[in-house]
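Here are my notes on the model, point by point. Please read them with the coordinates open.

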Amino acid sequence: MTETISRPFLEGWFAESEGGAHLIGARCTSCGTYYFPRQSRYCRNPACDGEQFEDVRLSRQGRLWSYTDACYQPPEPYVAAEPYVPFAIAAVELEREKMIVLGQVVRGVDVGALQVGMTMELVVEPLSETATERQLAWKWKPAP
Amino acid sequence: MEARAVSRDIAILGVGMHPWGKWGRSFVDYGVVAARAALGDAGVDWRRVQFVSGAATIRNGYPGQVAGATFAQALGWQGAQVNTSYAACASGSQALAAARSKILSGECELALVIGADTTPKGFLAPAKGDRPDDPDWVRFRLGITNPTYFALYARRRMALYGDTVDDFAQVKIKNAEHGFENPNARYRKRFTAADVAASPMVASPLRLMDVCATSDGAAALVVSSVEYARRVGRADAPRVAAISTVTPTFASATIEMPDIATDSAVAAEAHSFRAALPAKAYEEAGLGPADVSLAEVYDLSTALELDWMEDLQLCRRGEAAALLRSGATRVGGRIPVNASGGLACFGEAVPAQALAQVCELTWQLRGQAGARQVAGAKVGITANQGLFGHGSTVIVRR
């Protein structure tokens, strides 16, 4: 029997450690602006000409800014299960970073369980699965 | 030295459209139909046009067919200067802005602006291939489509202002009523709240009838200097009083297609892009929201029309649904919104849409809008916004 390999769908965008899953962002060492995805060349703050960035773990928790779901199967490069299973999508506001980050909501949590303002937490879960490979992504989950 | 007001207006001598639909033909065919209609409406011989400005998109076979030159060749090369503008949903406005610059600088008097599109069926999808550096690829890989963003904005309105799905349905019902007798609209059918509620959910809380389709279509304008308009006896032609095509200001506060995160507002104040577009146009025209007779806004979703009403300052933030419920935004009301039927009745033909909005304002300001005529319309405003920090507002006045 072949082993199913798990790998992130994008390398270096998120990680899991003892403290849990987190997104890997960048922070401008001049003005402190955060970036996700990471930025390594120039700061987009018009008042800053910084070109030095440090990798940072973004906040694992934030407030649900808004949410929806994907009732129809999205087009490629989305990889859909057969049959297609709808999923919820969350926009989560990170307080420290003052930014909103999108992501799928974990399987089994539909829009009926969500409410604007609730605390969400980052986890890592399969985004798509084939017989030989499981691609992982960051997802949002209502905080316990 | 005393500052003397110099008119920065240009005249709209002619407008024309190819009806919106799914016709399955080349964008060039539609563009030529719209261009000839606009030239005919203006009473201008094509060979007299000095500047051709094409609005482009980059989908669907456009590579190798650069919009401005392609239209000029189809109409017959006649040595005019040419331009092509690509700015997503604002392509039409930027093509118009290029014509205005040529006219106001004195480089030409008479210009033709054309936008046309032919669209695929279903969701607008990204180009093929694994491209993790492209935010459009990343978001589609995560299953985040255009309606995702519209739905996030809609749900946010519900949470913040108490808007309901019934309010969103009322936008569709109103726009369907407006577009019912518009010969250029693709969907000409009246709907009830029950129809909207019975349509399938696409992205909660938005249903199929809350979200606009993609369409084929074309729109064209013949524009000239005000002096030229006077010379040809058209001093009363509607005028372009402002074109705003500003970028967002960092830190942009709203999650926008195709991004998966907003700017971080740690080091700079958060700004609203949508609100900035009309603000610049009002300033340029020396007009304010109270002067506006009607607005054509980009209702990619029903709920987004409500956001635009607030961004245009037609009411205070959070009060758009109340204004809608009062009937003020219907034709016959105080401030009709999307008298053309809007994207709800047209569907989106990206490079044509911003010009179609100006066509509608022109017919309205001339009193030629038939059953959807806004009585005594004097000032009209458009608003649209699309990918990659593009958006525009045009003000037309009589």
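1. Which residues does B:Val223 touch, not counting residues up to four places away in sequence? In this predicted model, they are B:Ile10, B:Ala11, B:Ile12, B:Leu13, B:Ala99, B:Ile103, B:Ala111, B:Val113 and B:Val240.

2. B:Val223 belongs to the largest nonpolar core, which has 167 residues. Along with B:Ala220 and B:Leu355, B:Val223 is listed as having the most contacts inside this core. Helix α13 of chain B (residues 350-366) gives the largest share, 10 residues. Domain 1 (10-122 + 218-231) and domain 2 (135-210 + 239-397) of chain B both contribute residues, so the core lies between them.

3. There is also a second, separate core. It has five residues, including B:Phe250, B:Ala265, B:Ala267 and B:Ala268.

4. Of its 14 residues, 12 are buried, so α3(B) is largely enclosed by the rest of the structure. Among the buried residues are B:Ala99 and B:Ile103, and both of these touch B:Val223.

5. The geometry of α3(B) checks out. At 1.5 Å a residue, its 14 residues should span 20 Å, and the end C-alpha atoms are 20 Å apart, which agrees. After α3(B) comes B:Gly106, with a positive phi near 85 degrees.

6. On the overall fold, chain B comes to 13 helices and 11 strands. Its radius of gyration is 20 Å, close to the 21 Å that the globule rule gives for 398 residues, so chain B is as compact as a globular protein of that length. Taken along the principal axes, its C-alpha atoms fill a box of roughly 55 × 50 × 50 Å.

7. Two further figures describe the packing of chain B. Buried residues make up 60% of its 398 residues. Of the contacts with a separation of 6 or more, 75% are between residues 24 or more positions apart.

8. Now the interface. In chain B, 32 residues are in contact with 39 residues of chain A. The elements of chain B giving two or more residues to this side are α4 (135-141), α5 (146-161) and β5 (201-203). The largest share, six residues, comes from α5(B). By type, the chain B side divides into 22 nonpolar, six polar and four charged residues.

Definitions and conventions
Residues numbered from 1 in each chain as written. Chains lettered and ligands numbered in written order. Predicted model: local features only at pLDDT ≥ 70, side-chain atom pairs only at ≥ 80, totals over all residues. Contact = placed C-beta atoms within 7 Å. Helix = DSSP H or I, 4+ residues; strand = E, 2+ residues; numbered from the N terminus. Nonpolar A, V, L, I, M, F, W, Y, C, P; charged D, E, K, R; others polar. Expected span 1.5 Å × (residues − 1). Buried ≥ 20, exposed ≤ 12 C-beta atoms within 10 Å, placed from the backbone. Rg over C-alpha atoms; globule rule 2.2 N^0.38 Å. Core = buried A, V, L, I, M, F, W, Y, C linked by C-beta atoms within 7 Å. Domains from an automatic or database assignment.
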